[in-house]
Amino acid sequence: MMHAYFSPDQLLHHGQSFLVGGERKPIPETPERADILNAALTKLGISPSRPADYGLSPIARVHSPEYLLFLENIHQEWRAAGGADIVVPHIHPFDRQGIYPATPAGKAGFHLGDTSCPITAGTWQSARASANCAIAAARDVGAEKTDIAYALCRPPGHHASREIAGGFCYLNNSAIAAMDLRERFGRVAILDIDLHHGNGTQHIFYDRDDVLTLSIHADPAGFYPFYWGHAHERGNGAGLGYNHNFPLPLGSGDDVFLNALDRALETIQRYAPDVLVLACGLDASGDDPFGGLCVSTGGFGKISRKISLIGLPTVIVQEGGYVSPTLGDNLVQFLESFAEARS
Ligand SMILES: [Zn+2]
């Protein structure tokens, strides 16, 4: 039976709305996503455990102290300053090298990269619980209790960098899992198959050679996150050659995705990591409301099987994947194929 983690605290965060095309729209990263993913686990006969609280130290290996204090306190500070029940920035610095801002408005613009990472009363508690799921799964694999563990992380994490939230993400769960695994393993690889480029994860490890980062995603020339995820971004300094992006033309289906996956898996095998973190977004589905790629439910099974067959101990961290008729089936197919390929 696959180890899996989820906490009801992860349902507390609900951003309600974000801005698209200048209009306020319902945010697709809803608590309902977690209900659908949990129902998929039930279908597989998996009942997720509630993770322990590992405290802030495993999270602080990835995120800055100012950022963690911000996430914990900003909602209260914002309310006390007369703000609404939701924290959304209205100004951003040109760069982040100046004096650290003192006001709630200044801090919000410093730490929130866009309007799709609003902070509500429950955000910190949910993001902490989501990160604890990733740590719990990483500890099980690290302790060799299992060679596959699944963290039902919500809110997701891969757009969050060291001190900037973005794209529904606050704490970078995949990066936190990878850093926790580094305590036990020399070399870690993070493979991100979410529809969107894992810009936060790339940024966190860009200068490093001990964590290989790879991302397969819709071409950022025409898709969020726009500024990052191009093929020429290969790392910096000691990290040069340890970041690999596989941007795919918008609308690509199973074959194009699987072809890029083959190249990513060859790169992973050349690196010969001890363990894999799989940043598992399911929003590359043709049914996903974001509509960037066209992977089928059967395609997710093939993707999963190929990744499983490289035989690495794997921590599967949930990233995106939004409410659609096939969201639950896609997770069932993914986890089932992953486990079957190992047996
Ligand atoms: Zn995504």
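**Cysteines, sheet, zinc and rings**

Me: How many disulfides are there?
Reply: The count comes to zero disulfides, a disulfide being a pair of cysteine sulfur atoms within 2.5 Å. Cys133 is in no disulfide, and the nearest cysteine sulfur, that of Cys153, is 5.4 Å away. This is a predicted model, in which local features need pLDDT of at least 70 and side-chain atom pairs count only at pLDDT 80 or more, while totals for chains, interfaces and linings use all residues. Residues are numbered from 1 along each chain as its sequence is written, and side-chain values use heavy atoms, with hydrogens and water left out.

Me: And is Cys133 buried or exposed?
Reply: Cys133 is buried, at a relative accessible area of 0%, where buried means under 20%, exposed over 50% and partly exposed in between, with a 1.4 Å probe and protein chains only.

Me: What about Cys294?
Reply: Cys294 is in no disulfide either, the nearest cysteine sulfur being that of Cys280, 18 Å away; Cys294 is partly exposed, with a relative accessible area of 44%.

Me: Switching topic, in what order do the strands of the sheet run?
Reply: Seven strands form an open sheet with parallel pairing, in the order E1-E4-E9-E8-E5-E6-E7. Strands here are DSSP runs (E, at least two residues) and helices are runs of H or I of at least four, numbered from the N terminus, and two strands pair if DSSP finds at least two bridges between them.

Me: Which strands stand at the edges?
Reply: Strand E1 (3-5) and strand E7 (243-248) do, each with a single partner strand, so one side of each is left without a neighbour in the sheet.

Me: Which residues coordinate the zinc ion?
Reply: The zinc ion is coordinated by Asp194 (OD), His196 (ND1) and Asp283 (OD), at 2.0 to 2.1 Å. Donors are N, O and S atoms within 2.8 Å of the metal (3.2 Å for Na, K and Ca), and water is not among the atoms, so sites may look incomplete. Asp194 is buried at 1% relative accessible area, and His196 is buried at 5%.

Me: Last one, how many aromatic pairs are there?
Reply: There are nine aromatic pairs, counted when ring centres of Phe, Tyr and Trp (its six-membered ring) lie within 6.5 Å, with planes under 30 degrees apart taken as stacked, over 60 as edge-to-face and the rest as tilted. The rings of Phe168 and Phe290 have centres 6.3 Å apart and planes at 45°, so the pair is tilted.
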